[in-house]
Amino acid sequence: MEVIILPSSKEIGALAADAIEELVRTKPAAVLGLATGSSPLPIYDELARRHDQDGLSFTQAHGFALDEYVGLPVGHPESYREVIRREFTNRVDVAPDNVHGPDGSAADIQAACLGYEEAIKAAGGVDLQILGVGTNGHIGFNEPGSSLASRTRIKTLADQTRQDNARFFDTIDQVPHHVVTQGLGTIMAARHVVLVAFGAGKAAAVRDFVEGPVTASCPASVLQFHPHATILVDEAAAAQLAGAATYRHAYDNKPEWQGL
Ligand code: F6R
């Protein structure tokens, strides 16, 4: 796990975008794992800017969303399919048919989840998975207690997560109780994971998953077992890391050829 502490979300977005740009330029048909929420927005803004200004192209790339609410009508502005379209894929040139998301409105959710796993596999697996982290340590919507080996399935949102996400809805009552999410095992199969976190509200979660024990009580801690996990945090989110000086030293002295 590589922890990189940067001054602001803008630098975080730019560094994550560097890794995505390099991937897409060397492998145009790359498979990107797409998160929603606030954390990835600086990355999507930067990728859209590079698309507009530098000709960065995603025509052959594929995108797989991490998760989706269950019970929101198709086309609901806060459904993650719509959020990903609005915040990222409509701003670049990804082919709409290459963008996939778990189906939260399927009549047979379990079959849809299996189908989603198959679709990821058929695309060749995720090359780079963008992640945020919940204040309770979730990644995707794998809430505390999730199996570390889980695959795409339905989950019940923790109260904390519904409260955290109420800002996207008029009232908390409108936040669905259920979601379909890639599992922790699914996320761990991505070849590179890039988790971004900023703000003091994430400091305890970042401390726990980076430096605490690997435990289902803090689902993001499973990333300690990932062979290529990059954690990009701002100063506020890094504030409770005991090893901050070590991480800074390693990054400051990193051989340039290594990239992210
Ligand atoms: C979103 C997702 C969640 C969020 C997490 C942090 O697709 O999977 O794990 O990344 O809840 O949300 P923000 O970034 O809004 O703080």
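Guide: A residue is buried under 20% relative accessible area, exposed over 50% and partly exposed in between, with a 1.4 Å probe and protein chains only. The model is predicted: local features need pLDDT of at least 70 and side-chain atom pairs pLDDT 80 or more, while totals for chains, interfaces and linings use all residues. Residues are numbered from 1 along each chain as its sequence is written, and side-chain values use heavy atoms, without hydrogens and water.

Visitor: Which residues of α1 are called buried?

Guide: They are Ile12, Gly13, Leu15, Ala16, Ala17, Ala19, Ile20, Glu21, Leu23 and Val24. Helix α1 itself covers residues 9-26; a helix is a DSSP run of H or I with at least four residues, a strand a run of E with at least two, numbered from the N terminus.

Visitor: How do you know that the span of α1 is close to the expected one?

Guide: The expected span is 1.5 Å times one less than the number of residues. With its 18 residues, α1 is expected to span 26 Å, and its first and last C-alpha atoms lie 26 Å apart.

Visitor: What makes Pro219 a buried residue?

Guide: Its relative accessibility is 0%, so Pro219 falls in the buried class. Pro219 belongs to the loop that joins α7 (203-211) to β10. Between the C-alpha atoms of Pro219 and Asp208 there are 9.9 Å in space, and the two are 11 residues apart in sequence.

Visitor: How many disulfides are there, and how do you know?

Guide: The count is zero, since a disulfide requires a pair of cysteine sulfur atoms within 2.5 Å.

Visitor: What makes β1 and β10 a pair?

Guide: Two strands pair if DSSP finds at least two bridges between them. Five bridges link β1 to β10 (residues 229-234) in the parallel sense, with Leu6 opposite Asp234 of β10. Strand β1 (residues 2-6) is mostly covered, four of its five residues being buried.

Visitor: Why are β1 and β5 placed at the edges of their sheet?

Guide: The sheet is open and parallel, with seven strands in the order β1-β10-β9-β6-β2-β3-β5. Strands β1 and β5 (99-100) each have a single partner strand, so one side of each lacks a neighbour in the sheet.

Visitor: Which strands stand at the edges of the sheet of three strands, and why?

Guide: That open sheet has antiparallel pairing and the order β4-β8-β7. Its edges are β4 (67-69) and β7 (153-156); each has a single partner strand, and therefore one side of each is without a neighbour in the sheet.

Visitor: How do you know that β7 and β8 pair, and in which sense?

Guide: Four bridges connect β7 with strand β8 (residues 178-181), in the antiparallel sense. Lys155 lies opposite Val179 in β8, and Thr156 opposite His178 in β8.

Visitor: Which residues form the covered face of β7, and which the uncovered one?

Guide: Arg153 and Lys155 make up the covered face, whereas Ile154 and Thr156 make up the uncovered face. In a regular strand the side chains alternate between the two faces of the sheet.
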